[in-house]
Each structure stands twice: as structure tokens, then as C-alpha cells.
Amino acid sequence: MSRLVLSARHLVAIERHAAATYPEECCGVLVGRALDGAEPGSLVEQVLPARNDRQDSRENRFLIPPEVILAAHKEARAQGLDVVGYYHSHPDHPAVPSAFDREHAWPGLSYLIVAVEGGKPADRRSWRLADDRERFEEERLDDPVKKAGQAARPGRRKAPGREGRRSQG
Amino acid sequence: MSVMIQIPTPLRTFADGRAEIEVDATTVGEALGGLVRRYPDLARHLYADSGALRSFVNVFVNDEDSRHLQGEQTPVKAGDTVLIVPSIAGGLP
């Protein structure tokens, strides 16, 4: 199983973004590096919130235009990092990718989805598109602070009980 | 015309891990065609079943978005750099 290593601080920043944009979808870029070894995946070093560039239907659609993606890539490369994935929210809907999400995805990237219910983050799950594009495969969300063997399980997880520091992404 | 196509990181696994591919082309469409002929596994991630470029796939020629130029008919010349850049889109059903 692939994994996305994401600190509590970064997750809080993403969930705050999701709550702030509710009932519209939020979106953003995950910058970091690939992880090699027995458990492949990605480590997030920065979170770059983006504006939802949709002119309509922002309650159930999001768009980050290519110019923003290009700029994010340049910024990442300047720091020796790479774009490892993206995040967006699902207002009042599960943190499960839709067919529309699948049509607009590429393999090799993490797609983190935050479910926001009634304005409050309720769930967060990360996914990777299969090479044949037929399905998403869920990946494990890991906190780098947790000791080995105590990694978070995929699926529902309670939001942190204390507010973290602001992400500097 | 020899142009360099830069392969985005998530697609490099379908191009033998390469970050750049040199192809002979006179248009953006020809450049992409040369790319997928050499690496057929890239095709499904760049093109829809209809054969059209996927709506979220953008092609930049020397930092200019080809959609603002002539699309796949945008001319390319020797030494040009072609970048494949996605829009990121999604949402609920």
C-alpha cells in the first residue's frame, strides 16, 4: 500500500482551508518528495492553498489552472522538491473520489480529499489513481511524528484535538 | 524540427523514467504523437477514448499555453521546449 506522510500541522492547515471555503470546494497543492523503499509514497513538506478558479459550481467542482500548477512546480523545484499531489474538499459528501475526480487525475500523485460536514472537517482520505485509470486505490495517511508501528490506518480518523501551528506552506 | 518534451514527474514511469524526450515535429500535435508512439503507455493519460487530448492536459511551448495559440496546430521550431502541464480539476458527481 502506498502512503502519504503528512504532519498534523499540515493537515490542520488543509482542514482549516476546507472549513473556511465551505460550502464551496477548496483546493491546493502538496509539495514534497517521493519516498522510496518497502513502503513507497510521498512526504509532504509544504502545503500551498490555491484559489478555486471555477467561475460556477464551486460547491461541487474545483479547478486549479495550469499557470498556477506551473508556478507551483517552479517553486517546488527551486527548493529541491516536487509536486507530489493535490488536495480538495467534498462539502457534505464522503472523502471518496468521484468519477469526475478520476477522469481528471494522473497516476503517481496523491489526491487528498477532506469531507466537510456542516462546515466542519469530518474525514480525510488520500488516494492514488491506478495505472490503468480504472479506479483509485486508497493510500495510508501517516504522521511523521508517530513512532513506527503507530501509523494511522486508512479511512476515518478524528481531527487533532488541539490546534496546530499554522502551516508555513 | 527537433524539440524537447519535458515529461511531468507522475508520467515518467511510463516513459522509461525519462524527464525529457527529444522528438521531431513541426506542431504540438506532432510532438505529442511522436511521444506516444515511442511510449504507448502514455497515451491513455494524455488522450481520452475519443482520441482528443484530455481536457485537463495543457501543453506549453516555451512558457506559452498552446490553448491560447493554435492548440495542437501550434507550430514548434528547433530548440523549442514543450511542457505538459495539467489543470487540476475534480469534484462531486
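This is a predicted model: local features need pLDDT of at least 70, side-chain atom pairs count only at pLDDT 80 or more; totals for chains, interfaces and linings use all residues.
Local features need pLDDT of at least 70, side-chain atom pairs count only at pLDDT 80 or more, and totals for chains, interfaces and linings use all residues. Residues are numbered from 1 along each chain as its sequence is written, chains are lettered from A and ligands numbered from 1 in the order in which they are written, and side-chain values use heavy atoms, with hydrogens and water left out.

**View 1. The barrel of chain A.** Seven strands of chain A close into a barrel, in the order β1-β3-β2-β5-β6-β7-β8. Strands here are DSSP runs (E, at least two residues), helices are runs of H or I (at least four residues), and both are numbered from the N terminus. Two strands count as paired if DSSP finds at least two bridges between them. The pairing in this barrel is mixed. From one strand to the next, the twist averages 35°. Angles run from 0 to 180 degrees between N-to-C directions, with axes fitted to C-alpha atoms, for helices over the stretch in contact.

**View 2. Strands β7 and β8 of chain A.** β7(A) (residues 120–129) and β8(A) (residues 136–142) are antiparallel and share four bridges. R128(A) has E137(A) as its bridge partner in β8(A). E137(A) also forms a salt bridge with R135(A), with 3.0 Å between the closest N and O atoms. A salt bridge is a side-chain nitrogen of Lys or Arg within 4 Å of a carboxyl oxygen of Asp or Glu. Another salt bridge joins E138(A) and R125(A) at 2.9 Å, N to O. That pair links distant parts of the chain: E138(A) lies in β8(A) and R125(A) in β7(A), 13 residues apart. Over all chains, the structure holds 14 salt bridges.

**View 3. Two helices on the strands of chain A.** Helix α1(A) (residues 8–21) lies across β2, β3, β5, β6 and β7 of chain A. Its angle to β3(A) is about 35°. Helix α2(A) (residues 66–78) lies across β2, β3 and β5 of chain A, at about 135° to β5(A).

**View 4. Two backbone details in loops of chain A.** Most residues other than glycine have a negative phi, and most peptide bonds are trans. The bond from Y22(A) to P23(A) is cis, with omega near 10°. P23(A) sits in the loop between α1 and β2 of chain A. S57(A) has a positive phi, near 55°. The loop between β3 and β4 of chain A holds S57(A).

**View 5. The open sheet of chain B.** Five strands of chain B form an open sheet in the order β2-β1-β5-β3-β4, with mixed pairing. β2(B) (20–24) and β4(B) (64–65) stand at the edges, each with a single partner strand, so one side of each has no neighbour in the sheet. β3(B) and β4(B) run antiparallel over two bridges. There, D65(B) in β4(B) is the bridge partner of F60(B). Helix α1(B) (residues 28–38) lies across β1, β2, β3 and β5 of chain B, at about 115° to β2(B).

**View 6. The interface of chains A and B.** The contact (heavy atoms within 4.5 Å) takes 28 residues from chain B and 31 from chain A. About 2500 Å² is buried between the chains, and carbon and sulfur atoms give 66% of that area. Buried area is the accessible area (1.4 Å probe) that two parts lose on being put together, summed over both. The rule finds one salt bridge across this interface. K74(A) and D63(B) form a salt bridge, with their closest N and O atoms 3.8 Å apart. On the side of chain B that touches chain A, the elements giving two or more residues are α2 (43–46), β3 (57–61), β5 (81–86) and β6 (88–91) of chain B.

View 7. β4(A) (residues 61–64) pairs with β6(B) in the antiparallel sense, over four bridges. L63(A) has A89(B) as its bridge partner in β6(B). Helix α2(A) lies across β3, β4 and β5 of chain B, at about 110° to β5(B).
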